[in-house]
Amino acid sequence: MFVKIAGTGSVLPERVVDNFEIARMVDTSDEWIQTRTGIRTRHIAGKETVASMAAEAAKRAIEDAGISPEEIDLIIVSTVSAEQSLPCVACEVQKEIGAVRAAAFDLNSACSGFITGYQMAAGQMKAGLAKTALVIGSECLSNYVDWSDRGTCILFGDGAGAAILRADGAPEELEIPSVLHADGSKGDSLTCSLGHGKDKVPYDEYYRMDGRAIFKFAVRKVPEVIREVLSLSGHSVEEIDYFVLHQANRRIIEAIAKRLRQDEARFPMNIMDNGNISSACIPMLLDDMNRKGLLKPGMKLVLAGFGAGLTWGGFYLEW
Ligand code: COA
């Protein structure tokens, strides 16, 4: 028995920013961005916030699952880009959707956040502490983008994705084929400071990234973690219908497919339209697939993410 996803939802800010608009801000071009990353457009928040998008994605997931908010035992929001540190976004979502019985907290493992949230929720279910959980990735990365840095501003976007998780059986029968890893010694590859230190000296509040280092790390570690997940679930790579991966760069996903010797068609992508939205990417892509009718009961999926920290991980899911 596995933890199942009973419903999904997602939301994007209204405003669309294409590569031509970015090329008016920094020395780049639509051709360079598309060739090197696959990205054509991204959505950038205006009035939307991390909490407002998280709550909207949650409402859509609840409707898709056909449950009432009172049934939710646990809300986990993954974010690296909230507008405030207190209260946590998960509590704002709890208030907004009326999930009055739910415990709520935020987590930060960057772009691996949805994978981490899934494993935390599944662990609570296995321990008998929760039956229904809402896991959300919501990001306004534009809050921390330096629009004069062409190495980062071309990549990131805003949006939110949510999933309702349910234990499909008794806690003791649950299997959790899920793996999480971290390597803090490589944390300098992607950083962002917040506000002021105790000495009131302002920190650099923008994303700073060694793009090449992250690229190499992702192409090496994601195939490894997919194989680890499959060894736990007892499946071969060939048996998997879809690999739902973090959307950081089309070339990274293509390289992962090549390393696993699998057809790219089983690696769905929405990076072209949305860019990299950190922890929101995976649940948003899952919601796209769900609404397009690509996911049929019994289908086998592996979801995997990687990002700042450095962190990486994955899990096996049966639809
Ligand atoms: N437009 C035009 N030229 C650019 C550019 C841009 N936006 N950004 C960098 N360049 C230039 C560089 O200055 C460099 O020029 P040089 O050869 O004269 O020094 C050249 O393009 C190649 O730079 P490089 O950094 O090697 O490009 P790349 O092919 O690695 O692509 C990224 C850069 C950032 C798109 C790519 O490394 C990447 O996607 N990395 C992963 C990032 C990521 O996933 N981050 C989030 C973690 S979840």
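**Close-up views of a predicted model**

**View 1. An open sheet of four strands.** In this predicted model, four strands form an open sheet with mixed pairing in the order β8-β13-β12-β11, where strands are DSSP runs of E of at least two residues, and helices runs of H or I of at least four, numbered from the N terminus, and where two strands pair if DSSP finds at least two bridges between them. The edge strands, each pairing on one side only, are β8 (178-182) and β11 (242-245). Residues are numbered from 1 along each chain as its sequence is written. Local features need pLDDT of at least 70, and side-chain atom pairs count only at pLDDT 80 or more, whereas totals for chains, interfaces and linings use all residues, and side-chain values use heavy atoms, with hydrogens and water left out.

**View 2. The pairing of β12 with β13.** Strand β12 (residues 300-307) and strand β13 (residues 311-318) pair in the antiparallel sense over eight bridges. The bridge partner of A304 in β13 is G314.

**View 3. The contact of α3 with α4.** The axes of helix α3 (residues 50-65) and helix α4 (residues 89-97), which are lines fitted to C-alpha atoms over the stretch in contact, with angles running from 0 to 180 degrees between N-to-C directions, come within 9 Å and cross at roughly 50°. The contact (heavy atoms within 4.5 Å) is made by V50, A51, A54, A55, A58, K59 and I62 of α3 and by V89, E92, V93, E96 and I97 of α4.

View 4. Over residues 233-319 the chain is 30% helix and 23% strand, with the end C-alpha atoms 14 Å apart.
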